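Subject: Handing over a structure, with notes

Dear colleague,

I am passing this structure on to you, and I would be grateful if you could look through it alongside the notes below.

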Amino acid sequence: MSPRFLEEHACIPLTLDAGVLTIAVARPLSRITTAEVCRFFGATVHEVPAPLDDIRAALLTVARDAADANGVSDGNTELQSPASSENDGRGGGLAADEAPVVTLVNGVMRDALRTHASDVHVEPTETGLRIRFRLDGVLQDIARPSREYRDAVVSRLKILAGLDIGERRLPQDGRVRLHLDGRDVDLRVSSLPSLHGESLVLRILDHAGGARSLHELGVPAVLQPTLTRLMARTSGMTLVTGPTGSGKTTTLYAALALRNQPGVKVITVEDPVEYRIPGVVQVAVNRKAGLEFASALRSILRHDPDVVMIGEMRDAETASIAMRAALTGHQVLSTLHTTDAVGAVARLIDMGVEPYLVASTLQGILAQRLVRVLCEACAEPAEAPADMANHPVVAAPRWRRAVGCEQCVGTGYRGRTGVFEMIEIDDRWRTLIARGASIETLRETARETGVVSLRDAGAALVAQGVTTQDEVLRVLDA
C-alpha cells in the first residue's frame, strides 16, 4: 500500500492476522476501495476509527523510515491486485477485455447503482485513473486504479458505448444499456480529450427507479393543489425552472402522471428519455439524424396530442412553436434554465417570444433546487444559526447539524429533497407581463402576493431539521 494511497484515503494498516486486515481510518473507505484491498491481501478488512492527525503523523514516520532505509521514497507505487501485478512487465498495460478490467468496470457500475449515484466520472491522471461518483449532487472519490488500468478502462467503456476507440482527439457521445443485478440500466457516455488521456462521464438513467410522485419529491402540501389545478387545464403552458441537475425533468414526470389517463394523448420529446412511462409516446432527440426539439415538436403537433412535454426549451424556435401550441388547445410542459420563477418570464421574452404571447399562454411557473437531506443515523441537535434564531419559518424549530457516519459515507447527508417557489399566473400577472413590466416589478409583485421564495423555502427546511443552512446556501448561491 503506497504512501500516496494511504494519504489519499486517510488510512494506515495496523495488523494482518488470521485473514483479517485491520486498518485505522479517519473516514470510512468506499466499497470499491475496500474490495480492492480485500483482493490485494486476500483478507477481509476491519476498519477502526482514528483521528486524522494521528494517521498523518504515522504516515510521516513511515515515509521518513522508508527514505532512510532506501535512500529514496517510492511515491509512485500504487495499490495493485495480484492479477494486475502479473502484467507489470508488458509496458503497455492491460487490455480492455482482460478479466481485471472487466471486473473493475462491472464493480464500479454495481457500486454506482447501489449508492444511487447520478453520474460516474472517469478521469485520467499522470499516475493512473481517478473514479468519482456524483452522490446527492456532490462528487465523491471512489477509487484510483493504477496506471496500467487507465487506457484499458477507458477503452472498455468506449467499446460498450459504441464509441470509436481509435479517435482520441475529438469529443464523442454514445449510449449503452447494461444488465446488472437483474436491472436494465441505460448510460449516456460522453468522452473529452484531456492532458493525460480521455476523460469520461457516464450519466446513469436507471429506469427501474421509475417516476416519483410530487410528495416523494418534497413538493410542499400547500403547493400540490396548485400544481394539480394547473395540470387539470386543457391548454396553456406550465414551466419548471432551475439550473442543470436541479431535478426539473423529474418534477415534470411527476406532474405528467396527473394527466396520463386512458382518454388523454400524451407525447414527450426528450434528450434523453430518462424514464419510460406506460401509455406515453416518448420521442428521443437524435441530432445526428436531424431530429431536434423544434423539428420533433412540429411533427408531434400533427399527432393530435392533448399534452406535450418538451424536455427543454433551448432556442427561440422551440419556444415559439411551444407557445403557439399552448395557445391553440394543447397543454404544454417544459423546462427553462433560470434562477427563480420570475426569471422565466424575462427569459422567454429575451428568446424573442412576444410579451402578449407569454401573457396569454403561461399558466404557472415552478422554480426549484435540490438540497441534501441530513443523515438520520448521525445528525445531531444544534443551536439555531445566528441569522435565523428569530426567523418565523416554522412553529417549533428543530435545528440539527451534519456529523458523518458509515451510512452516509462520512458526508453527514443522505438523499436529497426539493426546494420550491411557485407562481400561478392570474389576471394581475398577465397584465404586467403583457405591458412588458421589468423584472424588478415582477419580483416585487411576487413578494406582495405572498409567493414563498426559494430562500424562505430553504430556511423552512433548515428549521424543520431536514437540512442545514450551509447546504441551502451552497445550493442557492451557486
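The notes below go through a sheet, a helix, a strand, the salt bridges and the cysteines.

Before that, please keep in mind that this is a predicted model, in which local features need pLDDT of at least 70 and side-chain atom pairs count only at pLDDT 80 or more, while totals for chains, interfaces and linings use all residues. Residues are numbered from 1 along each chain as its sequence is written, and side-chain values use heavy atoms, with hydrogens and water left out.

**The sheet of β1, β2 and β3**

Helices (H or I, at least four residues) and strands (E, at least two) are DSSP runs, numbered from the N terminus. An open sheet of 3 strands has the order β1-β2-β3 with mixed pairing, where two strands pair if DSSP finds at least two bridges between them. Its edge strands, each pairing on one side only, are β1 (11–17) and β3 (44–49), and the twist averages 25° from one strand to the next. Strand β1 runs antiparallel to strand β2 (residues 20–25), and 6 bridges join the two; within this pairing, Pro13 has Ile23 of β2 as its bridge partner. Helix α2 (residues 31–41) lies across β1, β2 and β3, and runs at about 125° to β3. For that angle, axes are lines fitted to C-alpha atoms, for helices over the stretch in contact, and angles run from 0 to 180 degrees between N-to-C directions.

**Helix α9**

In helix α9 (residues 293–301), the buried residues are Phe293, Ala294, Ala296, Leu297 and Ile300. Here buried means under 20% relative accessible area, exposed means over 50%, and partly exposed is in between (1.4 Å probe, protein chains only). The elements that the buried residues of α9 pack against are β11 (266–270), β13 (307–310) and α10 (316–327), with contact meaning heavy atoms within 4.5 Å.

**Strand β15 and its partners**

Strand β15 (residues 362–374) is mostly covered, since 12 of its 13 residues are buried. In general, strands of a sheet pair through backbone hydrogen bonds, either parallel or antiparallel. Strand β10 (residues 236–241) pairs with β15 in the parallel sense over 5 bridges, and the bridge partner of Val240 in β15 is Leu366. With strand β18 (residues 413–424), β15 pairs in the antiparallel sense over 10 bridges, and there Arg369 stands opposite Val419 of β18. Thr417 also lies in strand β18, and at 14% relative accessibility Thr417 counts as buried. Leaving out residues up to four places away in sequence, Thr417 touches Leu217, Gly218, Arg369, Leu370, Val371, Val373, Leu461 and Val466.

**Salt bridges**

Side chains of opposite charge can pair when their charged atoms come close. A search of the whole structure finds 27 salt bridges, each being a side-chain nitrogen of Lys or Arg within 4 Å of a carboxyl oxygen of Asp or Glu. One of them joins Asp271 to Arg287, with the closest N and O atoms 2.8 Å apart. Asp271 lies in the loop between β11 and β12 (281–284), and Arg287 in the loop between β12 and α9, so the pair ties together parts that are 16 residues apart in sequence. Salt bridges that share partners join Arg175, Asp271, Arg287, Glu292, Glu312 and Arg314 into one network. Arg287 counts as partly exposed, at 40% relative accessibility.

In another salt bridge, the side chains of Arg169 and Glu167 meet at 3.4 Å, N to O; Arg169 counts as exposed at 68% relative accessibility, whereas Glu167 counts as buried at 15%. Arg130 forms a salt bridge with Glu123, where the closest N and O atoms are 3.8 Å apart. Arg130 counts as partly exposed at 24% relative accessibility, while Glu123 is buried, with a relative accessible area of 16%.

**Cysteines**

The structure holds 0 disulfides, a disulfide being a pair of cysteine sulfur atoms within 2.5 Å. For the sulfur of Cys375, the closest cysteine sulfur is that of Cys405 at 3.8 Å, too far for a bond. Cys375 counts as buried at 1% relative accessibility, and Cys11 counts as buried at 0%.

With best wishes
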